[in-house]
Amino acid sequence: MRTLLPLLALFACSGPQAAPTAPPPAPRPLSSVEAAKIEPTGDVIHAVLTQAPEVPPPVNRDHAARVRVDLEVVEHTEPISDGVDYVFWTFGGDVPGSFIRIRQGDTVEFHLKNHPDNKMPHNIDLHAVTGPGGGAASSFTAPGHESQFSFKALNPGLFVYHCATAPVGMHVANGMYGLILVEPPEGLPEVDREFYVMQGDFYTVGKYREKGLQPFDMQKAIDEEPTYVLFNGSEGALVGDKALQAKTGETVRIYFGVGGPNVTSSFHVIGEIFDRVWPEAGSHVQENVQTTMVPAGGATMVEFTVEVPGTYILVDHSLFRAFNKGAIGMLKVEGPDLKPVYSGKEVDSVYLADKAVPASGQAVAAASGDAATPAQRAKAGEALFQGTCSTCHQADGKGLEGVFPPLAGSDFLMADKKRAIGIVVNGLSGKVTVNGKSYDSVMPPMSQLNDDEVANILTYVRGAWGNPGDPVTPEEVAAVRASTPRPPGAAH
């Protein structure tokens with residue numbers, strides 16, 4: 001007791017203690033019922049629309065307004081992959097469609113135009129709309145015509161829009177989807193960079209990377225067997241010079257949606273952890289997320305800070321979609337190294353290979369049958385080799401001693417061209433002797449490669465590292481493919 005008395009006296013003399021300052025209360029979310037009662041004020045505002053990966057500027061308004069949105073449907077042919085063309089149906093000329101940014105409580109006057117050169121009628125279903133068909137019932141538009149309807153943005157969030165004209169799945173599969181952001185009245189937290197990315201699945205008659213104009217394959221779409229799974233409508237839309245750009249120390253927000261029509265996304269950025277995620281673009285925030293699931297017809301917002309320079313890879317972490325169907329993008333970050341966080345080393349050249357940069361003009365030309373020269377085939381084959389073969393056989397073709405046989409100076413490779421083609425197409429298991437040494441390993445069938453790609457790779461390896469081999473043609477590959485039995489998994 002004697003010990004406590006001085007302490008109590010000291011406490012009593014010190015006077016009342018100041019209470020810690022409480023943070024200001026967060027703005028109360030506006031309910032949809034309250035939003036419905038808001039009347040727009042001021043002049044009509046024409047919405048700023050942007051094409052992916054760009055995002056319109058924040059709304060920065062303290063009141064609801066009448067916002068006019070003008071969106072035109074355009075059907076046109078564009079590359080879906082190197083040397084592969086596809087007839088896309090688009091909102092605003094690109095896949096995904098134009099990004100729309102408005103405020104909760106806004107009244108939107110929507111004008112949908114169908115270009116007179118189009119072949120099909122179209123409409124629009126915006127998931128941000130409360131009303132029959134999300135606007136589809138009011139916006140059916142024939143080529144050369146325009147439709148108009150209005151809606152009030154009752155709920156904040158990031159919403160998908162898409163065409164809903166029958167057959168709905170076909171319209172969506174041809175690229176008719178986009179995102180509309182409805183900001184809460186107080187706006188979103190400020191960040192340094194904002195990007196717009198959407199994933200979609202595409203169904204072509206030809207297999208992955210088969211060259212030429214590829215038509216839509218309805219049966220593949222019904223069976224949910226996509227040929228391509230892509231970010232922003234084409235393979236290579238977010239790589240090389242088209243990669244997203246940021247600087248170290250900056251905060252990045254990605255508005256990510258899935259147009260579908262069928263495939264969900266396991267969205268992941270290799271080398272980053274999402275500081276904040278709005279699951280399904282709802283109002284609640286999840287923190288420290290590695291991979292977030294986004295359903296077809298759904299969206300999310302993710303935020304993170306980039307501390308370390310380098311190339312960060314955007315993928316659907318259902319990885320065959322990334323490395324064998326095209327769902328790959330890049331965020332390239334510049335700035336000083338931060339060695340305590342990461343020692344640093346770029347591995348794009350082997351890790352991603354031909355997907356790391358858009359193919360050269362030679363590589364595109366190399367895949368057009370008899371029109372390609374051996375030099376063009378070898379150039380295209382080199383890029384494919386780095387992604388398909390170099391992990392085992394090594395970039396210099398020397399293989400791994402006692403494990404994977406060499407291709408450089410290989411008597412086994414050069415002795416029989418037809419056998420070499422058959423090994424790539426059908427795989428090989430068991431012992432082989434190469435340059436007097438025995439190897440016992442497994443090479444899986446490269447069934448994902450088409451005839452052009454097999455010809456390109458073999459033309460490259462049979463002429464590289466001092467190998468004196470003659471070129472391989474797609475016709476030679478096709479003949480071997482047709483005349484030899486293939487194990488399950490190599491039926492293509």
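How many salt bridges does the count come to? The count comes to 22 salt bridges, each being a side-chain nitrogen of Lys or Arg within 4 Å of a carboxyl oxygen of Asp or Glu. Some notes follow.

1. Ground rules. This is a predicted model, where local features need pLDDT of at least 70 and side-chain atom pairs count only at pLDDT 80 or more, while totals for chains, interfaces and linings use all residues. Numbering starts from 1 along each chain as its sequence is written, and side-chain values use heavy atoms, with hydrogens and water left out.

2. Glu194 bridges to Arg101, with the closest N and O atoms 2.9 Å apart. Glu194 sits in strand S10 (residues 193–202) and Arg101 in strand S4 (residues 100–103), so this contact ties together parts 93 residues apart in sequence; strands (E, at least two residues) and helices (H or I, at least four) are DSSP runs, numbered from the N terminus. Glu194 is buried at 17% relative accessible area, and Arg101 is buried at 7% (buried is under 20%, exposed over 50%, partly exposed in between, with a 1.4 Å probe and protein chains only).

3. Two further bridges. Lys437 pairs with Glu401 at 3.0 Å between the closest N and O atoms. Lys437 lies in strand S23 (residues 437–443) and Glu401 in the loop between helix H9 (390–393) and helix H10 (411–415), so the pair ties together parts 36 residues apart in sequence. Lys437 is partly exposed at 40%, whereas Glu401 is exposed at 61%. Arg68 and Asp70 also form a salt bridge, at 2.8 Å between the closest N and O atoms.

4. The sheet. Five strands make an open, mixed sheet in the order S13-S21-S20-S15-S18; two strands pair if DSSP finds at least two bridges between them. Its edges are S13 (244–247) and S18 (291–294), each pairing on one side only. Inside the sheet, S20 (residues 310–316) and S21 (residues 328–334) run antiparallel over six bridges, with Thr311 opposite Lys332 in S21.

5. Helix H8. The 15 residues of H8 (residues 374–388) should span 21 Å at 1.5 Å a residue, and the end C-alpha atoms are 20 Å apart, which agrees (the expected span is 1.5 Å times one less than the number of residues). Buried residues in H8 include Arg377, Leu384 and Phe385. Gly387, also in H8, is partly exposed at 38%. Gly387 and Phe323 are 64 residues apart in sequence, yet 9.1 Å apart in space, C-alpha to C-alpha.
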